[in-house]
Every structure is written in structure tokens, then in C-alpha cells.
Amino acid sequence: MRFDLSDEEWAVIEPFLPKGGRGPKRVDDRRVLNGIFYILRTGAPWRDLPERYGPRTTVYNRYARWARRGIWKAIFDALIDRCADSLFFIDSSVVKAHRAATGAKEGKLAQDIGRSRGGRTSKIHAVVDESGRPRYVIITGGQVHDSKVMPSLLDGAGRSLAVVADKAYGSRLIRQRIAEQGALAVIPSKSNARKPIPHDANLYRRRNIVERFFCTMKDMRRLATRYEKLSDNFLAMVH
């Protein structure tokens, strides 16, 4: 089927799945994951999951249970640990929250759904490597300024030779944090800066790498619009 994992993709993911316990044998992992990826790629409600993937409650419960246990993040981390890189590109993208996602109880900054000019939105902050692969992701409300989460992004992504980002990340404290990690800050100064700080213009032109990442990410309709009420579940869907 068009949205199912290929044999090659399955071979990469399967070794990182949790092993079965002593209880009843788990429903076929590949079929369940194909169901989850169908929802991710189409944006369909869980209740509209095609019958070929089995009971929708089984597929959803597996997704939500593994989100609570941090399994999707663990698989994500295991895969990116294989990827050597030397450059990080950082940016963010706002996604609208569907009305189905805005009914969660208040808490954790209203489940990282904020109010902005675009209405109820969330923001996905990402660090990608020079091949456009995501290294670290954070979810906040759509109104949160990019610079607020930059320290957490840098800590979560690890060390690099250079960090490429736009003017929103150009504060003195952020530049200092990057320097402390032994990396070069490739960030242009704001137009009103009294003493503009030079940057590598050729390297900065490659910032479209992170922009292309977000374009690819939003081909997954479940990520182009936020349908998940819980922030942890939405982040798990990104992973």
C-alpha cells in the first residue's frame, strides 16, 4: 500500500522496537506501525483508519502508550546517533491547532498551544544537520519567541562545528552559548545593530536546508495541522 513501510524502512526500524514480555503475544508490529504512518501521512481521524490495519483502538493505544513510555523518542535518538555531521541549522515553523486539539485541560502551557495572530497555534523548533536530518525537536506555543528555546536546542542536539540560524537567534547570550560549545555562530546581525558582527555569507546561504526540512515534514498532514490534544503526543508524532 502507498503509505506502508517498505521492506528497507522496516528493516531499519524493527531492531529498535520493544521486545515482547511474558504476556500475550503483541499484535503484529509492522501492521500497527503501518496504521500509525497512515494516520501521520494522511491526517485522517483515528476512527477512519482502514480495516486492513486492524482495530483502530489497537493502533491508537499502541501509539499513545509508546508515546508515554518515550519509545518513539528512543527510536528517533537511536537512528540519529548513527549520523555523523559537522553543521547544525536551526529554525522554527508554526502549525495551526485544529479545534479538536484545543479541548485539553490547562497545563504545561495549555499543552503548548498558544494564541497569536494566526489563532491557536503551536511552534515546532528543530535542529537539523547538513543533510537535513532532524537532530532535536521542541514544541512550544505559537507565540513563544525562537530565542527562548535556543539554549535547550543547543544542549539537546549536541556539539557541532557551526550553528547556522537567522537574526531571531542573534542575541549576545546565544552567541556566547554557541562559542562555549566550541562552535562558530553563523548568524547575521540585526539591521539596527550598532556593531554588526560578521558572518560567513556562503555558509548562511545553506540555511535553506532547515527550511526544506519543514517543507518535507509538512507533507505529513498530521504535522501540517496539529490534531493531538496532548503536547507529548504531538511531539511523539513528530518523532
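The lining of the largest pocket is made up of 24 nonpolar, three polar and three charged residues; here Ala, Val, Leu, Ile, Met, Phe, Trp, Tyr, Cys and Pro count as nonpolar, Asp, Glu, Lys and Arg as charged, and the others, Gly among them, as polar. The model is a predicted one, in which local features need pLDDT of at least 70 and side-chain atom pairs count only at pLDDT 80 or more, while totals for chains, interfaces and linings use all residues. Residues are numbered from 1 along each chain as its sequence is written, and side-chain values use heavy atoms, with hydrogens and water left out.

The largest pocket holds about 1000 Å³ of space. Of its 30 lining residues, Phe37, Phe76, Leu79, Val238 and His239 are the closest to its centre. A pocket is found on a 1 Å grid over the protein atoms alone, as an open set of points where a 1.4 Å probe fits, with protein on both sides within 12 Å along at least five of seven lines; lining residues have an atom within 4 Å of a point. Grid points are joined across faces, edges and corners, and the volume is the space filled by probe spheres set on the points. At least two lining residues come from each of helix 1 (7-13), helix 2 (29-42), helix 4 (71-80), strand 4 (134-141), helix 9 (208-217) and helix 11 (231-238). Helices (H or I, at least four residues) and strands (E, at least two) are DSSP runs, numbered from the N terminus.

Six of its eight residues are buried, meaning under 20% relative accessible area with a 1.4 Å probe and protein chains only. These are Ser231, Asn233, Phe234, Ala236, Met237 and Val238.

The second largest pocket has a volume of about 290 Å³. Among its 13 lining residues, those closest to the centre are Arg47, Ala100, Arg222, Tyr227 and Glu228. Its lining divides into six nonpolar, three polar and four charged residues.

Most residues other than glycine have a negative phi. Gln111, which lies in this helix, has a positive phi near 60 degrees, and Asp112, also found in helix 5, has a positive phi of about 60 degrees. Gln111 counts as buried at 14% relative accessibility, and Asp112 is buried with a relative accessible area of 5%.

Methods: Buried means under 20% relative accessible area, exposed over 50%, partly exposed in between (1.4 Å probe, protein chains only).
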